[in-house]
Amino acid sequence: MPENVEQDSVSANRLETFCDGVIAIAITLLVLEIKVPNLHESSANQLLERLQALWPILLATVLSFVIIGCYWVNHHQLMRWFRSINHGFVLLTLLWLLCLCLIPFSTGVLGETMLQGDSIRVGAPAYLLGLALPAWVWAAGWHYGMVHSLVSPDIPTSVQDKFKRMFYLSAMAHIVWVFLSLYAPWLALGFGTLQAMSYLKPLPSLAVEPLRSPSF
């Protein structure tokens with residue numbers, strides 16, 4: 001068995017495969033939030049009005065798709081920075097996946113309340129909280145990996161600390177938007193959208209040894 005690799009019941013490859021499957025389901029659930037309106041015997045104007053009414057949920061779906069998609073891309077990069085995984089990290093990953101699976105629900109809430117008067121003061125915080133939860137678990141997972149020496153030793157400590165600050169600052173920004181949305185929901189959604197767009201920038205590529213799955 002390789003030195004300093006903790007034995008665990010779940011291999012790294014199996015964990016990544018499971019994450020891929022759950023993320024694919026979460027993205028599929030996003031599309032299910034888009035309900036086709038009743039178009040039976042509708043005139044052209046009625047059809048246009050009903051389709052135009054769908055733009056809030058379409059906008060929220062696109063934003064959530066970008067966020068979940070970026071998490072999927074960056075998760076593969078993150079796993080390359082780990083030299084091993086243990087049971088605690090697997091549990092944190094499951095919690096992170098749970099948070100991702102809640103995003104379709106919060107997306108639906110936002111889409112249904114965006115044009116419903118002051119309901120946006122509930123829909124916006126609910127949506128932004130749904131984005132904050134996976135961000136916090138993501139940061140906690142990296143912190144856990146550092147503390148338990150799961151991160152590859154090829155990554156300098158200074159770089160590890162830099163990523164930890166970056167992940168926690170991102171998570172804290174999400175919380176700021178949640179509180180801001182209680183008073184200025186549209187402004188908070190704007191900042192949340194800008195932050196989501198920043199996720200399109202990939203994590204830096206670091207030359208590290210590939211993650212080793214535990215052997216038995």
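Trainee: Which residues form one aromatic cluster?

Mentor: Please bear in mind that this is a predicted model. The cluster consists of Y71, W81, F82, F89, W96, W138, W142, F163, F167 and Y199. Across the whole structure, the search finds 14 aromatic pairs.

Trainee: Where do W81 and W142 lie in the chain?

Mentor: W81 belongs to the loop between α3 and α4, whereas W142 is part of helix α5; 61 residues separate them, and the pair links distant parts of the chain. Both W81 and W142 are buried.

Trainee: With which residue does W142 form an edge-to-face pair at 5.9 Å centre to centre?

Mentor: That partner is F167, and the angle between the planes is 85°. Because W142 sits in helix α5 and F167 in helix α6, this pair ties together parts 25 residues apart in sequence. F167 is buried, as is W142.

Trainee: How many residues has the largest nonpolar core, and which of them have the most contacts inside it?

Mentor: The core has 52 residues, and those with the most contacts inside it are W96, Y127, L128, W142 and F167. At least two residues come from each of α1 (12–32), α3 (55–80), α4 (87–113), α5 (120–147), α6 (157–181) and α7 (185–198). The largest share, 11 residues, is that of α5.

Trainee: Which residues does Y127 touch, not counting residues up to four places away in sequence?

Mentor: Y127 touches A60, L63, S64, I67, S106, T107, L110 and L189 under that condition.

Trainee: How many salt bridges does the structure hold?

Mentor: The structure holds 1 salt bridge. In this bridge the side chains of R80 and E16 meet at 3.0 Å, N to O. R80 is in helix α3 and E16 in helix α1, 64 residues apart, and the pair links distant parts of the chain.

Trainee: Is E16 buried or exposed?

Mentor: E16 has a relative accessible area of 9% and is therefore buried, the cut-off being under 20%. R80, at 35% relative accessibility, counts as partly exposed.

Key: Residues numbered from 1 in each chain as written. Predicted model: local features only at pLDDT ≥ 70, side-chain atom pairs only at ≥ 80, totals over all residues. Heavy atoms only, no water. Core = buried A, V, L, I, M, F, W, Y, C linked by side-chain atoms within 4.5 Å. Buried < 20%, exposed > 50% of the residue type's maximum accessible area, 1.4 Å probe, protein only. Helix = DSSP H or I, 4+ residues; strand = E, 2+ residues; numbered from the N terminus. Contact = heavy atoms within 4.5 Å. Phe/Tyr/Trp six-rings, centres within 6.5 Å; stacked < 30°, edge-to-face > 60°. Salt bridge = Lys/Arg side-chain N within 4 Å of Asp/Glu carboxyl O.
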